[in-house]
Amino acid sequence: MTDTLQAGPRPRLNRARVLEAAVALADEIGIDSLSMRRLAQELRVVPMALYKHVANKEELLDGMVDVIVGEIDPPAADADWKSGVRSRILSARHTLQRHPWARRAIETRTAMTPRVLDYMESFVGVFLTGGLSLDLTHHAMHALGGRMWGFTQELFEDPAAPAPAVSDADRAEMLRQAAQRYPNVVAIATSVTHDEGSVVGHGCDDEFEFEFALDLLLDGFERLHARGWTSQGAKTQLLKPEASTTAR
């Protein structure tokens with residue numbers, strides 16, 4: 001270790017360089033294998049040198065998320081709210097595809113850094129500048145959820161347990177047996193031609209499914225905005241059938 005550190009001139013560190021190196025290292029070895037010691041080796045410094053720039057691994061991860069958020073493109077200046085939100089979300093998705101570890105890092109953060117808050121402020125601002133009410137924007141943000149960061153929880157998603165490899169003949173027999181008990185599920189699963197390597201379902205087109213759901217949501221927000229929807233009005237409407245039944 002000492003010989004390695006003395007092999008060449010010791011690089012000058014700053015916080016930005018530490019975070020960029022951590023992101024690159026996580027891309028290479030994954031978030032689970034990332035440690036302060038391993039990062040120090042990559043930067044050719046002693047581990048204590050890192051603590052001048054990040055207090056601990058949690059702060060390191062916060063900073064790495066900041067780097068990822070900084071890679072998300074802003075919407076075009078002349079974009080309407082719907083296309084602006086769409087392009088921002090798809091840019092976030094493509095950013096996470098470049099850094100597969102980032103989703104889990106985002107999900108485990110317990111504090112929001114100024115850069116994360118800036119992103120959220122800008123994201124909400126696209127809706128409000130487009131004329132959507134605070135009320136509708138609030139509920140739109142709930143509906144979008146993790147899509148704002150470029151990901152969503154998919155049906156039966158379990159990346160840690162990849163499907164075992166099976167032959168075409170074995171797969172056909174499995175489907176035949178499954179169809180006897182779960183005909184509706186099998187009918188849906190085999191209704192379209194799929195691509196390999198999907199996390200949505202065996203062979204599903206992840207990009208298409210993500211954009212399909214996103215467009216459904218955006219179209220719904222647009223219709224609600226056009227008719228002047230309010231959450232209070234929706235709650236009142238929901239109560240009417242119950243009130244009518246009680247009156248009888």
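Helix α8 and its surroundings

The crossing of α5 and α8 is left-handed, a term for a near helix turned anticlockwise from the far one by less than a right angle (right-handed if clockwise). This is a predicted model in which local features need pLDDT of at least 70, side-chain atom pairs count only at pLDDT 80 or more, and totals for chains, interfaces and linings use all residues. Residues are numbered from 1 along each chain as its sequence is written, and side-chain values use heavy atoms, with hydrogens and water left out.

Q: Why is Arg147 called buried?
A: Buried means under 20% relative accessible area, exposed over 50% and partly exposed in between (1.4 Å probe, protein chains only); Arg147 has 14% relative accessibility and therefore counts as buried. Arg147 lies in the loop between α9 (134-144) and α10 (168-181).

Q: How do you know that the span of α8 agrees with its 16 residues?
A: The expected span of a helix is 1.5 Å times one less than its number of residues; α8 should therefore span 22 Å, and its end C-alpha atoms are 21 Å apart, which agrees.

Q: What makes the buried residues of α8 line one face of the helix?
A: The buried residues of α8 are Val116, Tyr119, Phe123, Val126 and Phe127. Seen down the axis of α8, they fall within an arc of 100 degrees, so they line one face, the arc being that of the directions from the helix axis to the C-beta atoms. On the other side of α8, Pro114, Asp118, Glu121 and Thr129 are exposed.

Conventions: Helix = DSSP H or I, 4+ residues; strand = E, 2+ residues; numbered from the N terminus.
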